[in-house]
Amino acid sequence: MQHKVTRFAGSTFTQVILAGYTVLALFPIVLIVINAFKSRAAIFDSPLALPNSESWSLIGFEKAMKNAHFFNFFGNSAIVTVTSLVLILFFGAMAAWALSEYKFRGNRWLMAFFAFGIMVPIRLGTVSILKIMVSLELVNTLTALILVYVAQGLPLAIMILSEFMQQIPKELKEAARCDGVGEFKIFFQVILPLIRPAVATVAVFTMVPIWNDLWFPLILAPGEETQTITLGVQQFIGQYATDWNAVLASLSLAVLPVLVLYMFFSRQLIRGITAGAVK
Amino acid sequence: MSHVSLKNLKKSYDGKTDVLAGINLEIEDGEFVVLVGPSGCGKSTLLRMLSGLEEISGGDLEIDHARVNDLAPAQRGIAMVFQSYALYPHMNVYKNMAFGLKIQGAGKDEIDRRIRHAASILKIDHLLTRLPRELSGGQRQRVAIGRAIVREPKLFLFDEPLSNLDAALRVQTRLEIAKLHRDLNATIVYVTHDQVEAMTLGDKIVVMHDGHIQQAGTPLELYQRPANLFVATFIGSPRMNLLEGVVSDTGAQGMTVTLAGGQTLHSEVDGTRAAVGDRVTVGIRAEHLWENHDGSERFAGTVNLVEHLGEANYLYVTLSSGQDIVVRGNGEREVALGQAIKVSAPAASFHVFDRDGLAFTRLKPGNLRSSKG
């Protein structure tokens, strides 16, 4: 009986902590969303209040939509995020497979090299990256951003994926080899389907920082044509007057695509597929 | 026709120490060969070398008189069944079996025909649309065997396929594998560490130890004429009793050995290559020792432990010389601990091994049981 009570108390404590953290994390987002639907005066009068019939206004969204470049910004963000994500997952999975499956000289050094990539923030190299991009004439192109993000995302992707790949039973690959399946087919038709949860995890971890990044778009691609949404929002923030309606509305909209992608991947996250492979 | 021959096959991981030191073996068409030995003896490595998953360091491997050392697994015409089944978890049973065939470029109808055929042999027709995780251990094992059958290989390789099954299922699956071998007339190489599996399944058993073949032969040959001490103690349960002694008289018709306790015993082995005074080891199986029976060679001792099996019991006896032996007794008779007991054995039932563990040829092996009173 007492045991039950302590366990109940323990789990309540855990729930309280988690709930507290959730509130803390969601608060700014909720604040942005509720204020996006209010008139300018209402935002400053009572920023914490929910929109009511008096304060309800869609003016922010209208302004944001009317901005000629708004959809362009969205498109840029989408192109950069999706392309980087695809490249990171594709090359990351292939590199992880090579590093975990094949024994070759320098294998461990390569692994250490990628581990190093996780430890050192890529922003430390901003100046050199800018120099390289200038000499490659890639400044103000989306390619520059994609290249940087791929480099930024690969190390973690390789680490996580190779960890998962090592857990795939050796016999499975050997069975495939006995079946006469080529190495590429083994990778694409046996290994990749099995590490789908891991790929989804990596996708989520990789996608969010890229979508939200302000630093590299600001430095490498600040041109009108190549601005991403996070950078584009700054247009509404002026030196003397900030159009808070528009800022909050576009930030609210900016959350949506990542949210959709996250929901898509998280379904994969919770799926355990390897059950039944080997006893 | 598929004939497999291993000529001086070697395996070494570092180029210096041999894991397998020159394996020679002929496998005839339709033969069921069992590789058996304690763990670490190299039997699994040998199987993997046959399959092509492990590189061959030296010697020749020929399948149908063609050297296949450097061929990939699929090109050798082998199919392997793994201990862990190794089914593709994301494919259903049908796709698991079809995968390899599709890769080989077989037509849809041909694939379907082969899978239906294999499924009906293995009685897994009703499972074809299931995923591996929805199957029981025994069913998974059948699917793994089915995946091998559909490829119509020249050679089946089984790597301890029953180890993951529970005892009852193991006996049943063992029977089914034996039946499968008969029905398909397949050539099979089967690895196990379980000597009962080896004895029941194999046409030919290859006993391995420390990277060497100790002896290859039919189950009965290994049981009746073990070539050396290792095979003698490895085959048969319980383990063969061993008694140390010195040769006191020897000749082509038999050998007399004086045991450590001073007792002498006569054994019907060809002792021409032994000399008086040589140290030897005498072996006698528990089932050849009879309690309270007037065999020619007698021992006396006390019982300190009894294992009841039902049809028989095993009596652990300490002889008056201090040696411990196991005797197979009448299972339906109560034996008290500490009870004095006399056991005897016919002279023909003894095995004798020289100092290097090599056996002297037995003159009249086998058929000892029929004379048991």
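How much of the chain is helix and how much is strand over residues 142-165 of chain A? That stretch is 100% helix and 0% strand, and its end C-alpha atoms lie 32 Å apart. Keep in mind that this is a predicted model, and everything I say today is read from the prediction or from a record.

I started with that stretch because of the UniProt entry, where annotations may be inferred rather than shown by experiment. The unreviewed entry places the feature "transmembrane region" at several ranges of chain A, including residues 142-165 and 186-211. Over residues 186-211 of chain A, the chain is 96% helix and 0% strand, with 33 Å between the end C-alpha atoms.

Next, confidence. For the complex, the predictor gives an ipTM of 0.79 and a pTM of 0.79. Chain B has an average pLDDT of 89, and 97% of its residues score at least 70. Among the elements of chain B, strand 3, residues 32-36, has the highest mean pLDDT, 95. The lowest, 82, belongs to strand 15 of chain B, residues 290-291.

Now to where the chains meet. In the model, 21 residues of chain A are in contact with 24 residues of chain B. On the chain A side, helix 8 (170-178) and helix 9 (183-194) each supply at least two residues. Helix 8 of chain A gives the most, with 6 residues. By type, the residues on this side of chain A divide into 12 nonpolar, 3 polar and 6 charged.

Let me move to chain B. Chain B is divided into domain 1, residues 4-230, and domain 2, residues 240-362. Taken over C-alpha atoms, the centres of domain 1 and domain 2 of chain B are separated by 38 Å. The contact takes 6 residues from domain 1 of chain B and 7 residues from domain 2 of chain B. The domain 1 side of that contact divides into 4 nonpolar residues, 1 polar and 1 charged.

On to the sheets of chain B. One is an open sheet of 6 strands with mixed pairing, in the order 6-7-8-3-9-10. Its edge strands are strand 6 (78-81) and strand 10 (212-217) of chain B, each pairing on one side only. On average, neighbouring strands of this sheet are turned by 20 degrees against each other, direction ignored.

Another open sheet of chain B has 5 strands in the order 15-19-16-17-18, with antiparallel pairing. Strand 15 and strand 18 (324-330) of chain B are the edge strands here. Strand 16 (residues 297-308) and strand 19 (residues 340-345) of chain B run antiparallel and are joined by 6 bridges. One of the bridge pairs is G301(B) with I341(B) in strand 19 of chain B.

Last, some pairings that involve strand 4 of chain B. Strand 1, residues 4-12, pairs in the antiparallel sense with strand 4, residues 58-63, over 5 bridges. K10(B) has G58(B) as its bridge partner in strand 4 of chain B. Strand 4 of chain B also pairs with strand 5, residues 66-67, in the antiparallel sense over 2 bridges, and I63(B) is partnered by A66(B). Strands 4 and 5 of chain B form a hairpin with 2 residues between them. In the turn, D64(B) has a positive phi of about 50 degrees.

Technical notes
Residues numbered from 1 in each chain as written. Chains lettered and ligands numbered in written order. Predicted model: local features only at pLDDT ≥ 70, side-chain atom pairs only at ≥ 80, totals over all residues. pLDDT = per-residue confidence, 0-100. Helix = DSSP H or I, 4+ residues; strand = E, 2+ residues; numbered from the N terminus. Contact = placed C-beta atoms within 7 Å. Nonpolar A, V, L, I, M, F, W, Y, C, P; charged D, E, K, R; others polar. Domains from an automatic or database assignment. Pairing = 2+ DSSP bridges. Axes fitted to C-alpha atoms, helices over the stretch in contact; angles between N-to-C directions.
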